[in-house]
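Reader: Hello! Could you take a close look at one part of this model with me, and then link that part to what lies around it?

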Amino acid sequence: MTRHLLRDDDLTPAEQGEILDLALELKKDRWAQKPLAGPQTVAVIFDKSSTRTRVSFAVGIADLGGSPLIISTANSQLGGKETPSDTARVLERQVAAIVWRTYAQAGLEEMARGTRVPVINALSDDFHPCQLLADLLTIREHKGELRGLTLSFFGDGRSNMAHSYVLAGVTAGMHVRVASPADYAPRADVIADAERIAAATGGSISLTTDPEAAASGADVVVTDTWVSMGKEEEKIARIRDLGAFKVTSELMARADDAAIFIHCLPADRGYEVDAEVIDGPQSVVWDEAENRLHAQKALLVWLLSQD
Ligand code: CP
Ligand code: NVA
């Protein structure tokens with residue numbers, strides 16, 4: 001059966017671990033695997049802007065022996081005249097996989113239902129599972145075993161990043177804390193799904209409106225932009241509402257002494273994080289950005305090897 005990665009809980013804990021192991025191998029030997037030699041093409045479609053995702057998929061597909069086809073929806077029929085399922089039926093006859101950055105999760109689900117090739121969510125309004133594979137890889141490199149670590153997220157708990165930390169974090173057996181205003185708490189259905197996973201992995205989820213409590217003893221401190229793509233009209237309200245959840249040096253000082261700071265980037269210094277934190281000694285954001293390449297290559301190798 002064709003496997004897709006539409007949200008973080010599409011992977012079991014064992015599968016997530018397998019992909020991270022493979023990512024570490026590919027990081028050591030970048031050209032070790034060539035499943036796309038031919039070259040086969042992978043379509044990488046963008047409805048929203050991107051630097052890291054665009055570059056890391058293009059480079060990664062080339063590393064795997066393939067040819068990336070980068071499509072901007074502004075210049076395609078998708079999103080205008082053509083549905084995701086019709087687009088999927090056209091693409092599947094010519095490409096080995098479809099990577100799509102879009103708005104609605106429902107569009108990705110429709111794309112996946114309509115095709116025999118793997119569909120990868122390269123960020124939707126709800127989840128960013130490719131980023132989480134890179135983030136877990138980074139945390140593993142810096143902190144060792146993921147299971148049992150405490151990861152604390154600050155800010156917009158309803159963002160794609162917060163939802164992905166919740167799901168992927170508990171899948172890895174981590175304790176995930178989300179500190180946000182009550183109106184920005186993660187979606188209840190995502191929390192319910194995470195709690196089911198946590199019960200099996202030994203991870204946990206806790207939601208709080210108290211950033212200092214969330215930071216206390218944390219191993220990993222993380223935030224994301226307060227103004228995600230598509231939310232630009234809410235910018236003024238978001239800066240007002242989320243101000244108390246900024247990651248500052250004072251907040252970092254409450255975390256474990258060996259805590260690391262991660263951020264998917266792009267970052268707004270002075271808003272969700274102070275420059276002295278993101279540019280300081282505990283920040284590993286450049287390793288994290290590089291790991292998009294290795295994690296996504298492992299994901300592609302893994303998805304293409306499934307029946
Ligand atoms: N982190 C991330 O997905 O970055 P881009 O928007 O630049 O792809
Ligand atoms: N939450 C951010 C992530 C960017 C990589 C956004 O959706 O804009």
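Which residues are buried in helix 3?

Author: Happy to! This is a predicted model, in which local features need pLDDT of at least 70, side-chain atom pairs count only at pLDDT 80 or more, and totals for chains, interfaces and linings use all residues. Residues are numbered from 1 along each chain as its sequence is written, and chains are lettered from A and ligands numbered from 1 in the order in which they are written.

In helix 3 (residues 84-91), the buried residues are P84, T87, A88 and L91. Buried means that 20 or more other C-beta atoms, placed from the backbone, lie within 10 Å of a residue's own. Helices (H or I, at least four residues) and strands (E, at least two) are DSSP runs, numbered from the N terminus. Seen down the axis of helix 3, these buried residues fall within an arc of 105°, so they line one face of the helix; the arc is that of the directions from the helix axis to the C-beta atoms.

Elsewhere, an open sheet of five strands has parallel pairing and the order 7-6-5-8-9, where two strands pair if DSSP finds at least two bridges between them. Its edge strands, each pairing on one side only, are strand 7 (204-208) and strand 9 (260-263). Within this sheet, strand 5 (residues 150-154) and strand 8 (residues 220-223) run parallel, joined by four bridges, and F153 stands opposite V222 in strand 8.

Methods: Buried ≥ 20, exposed ≤ 12 C-beta atoms within 10 Å, placed from the backbone.
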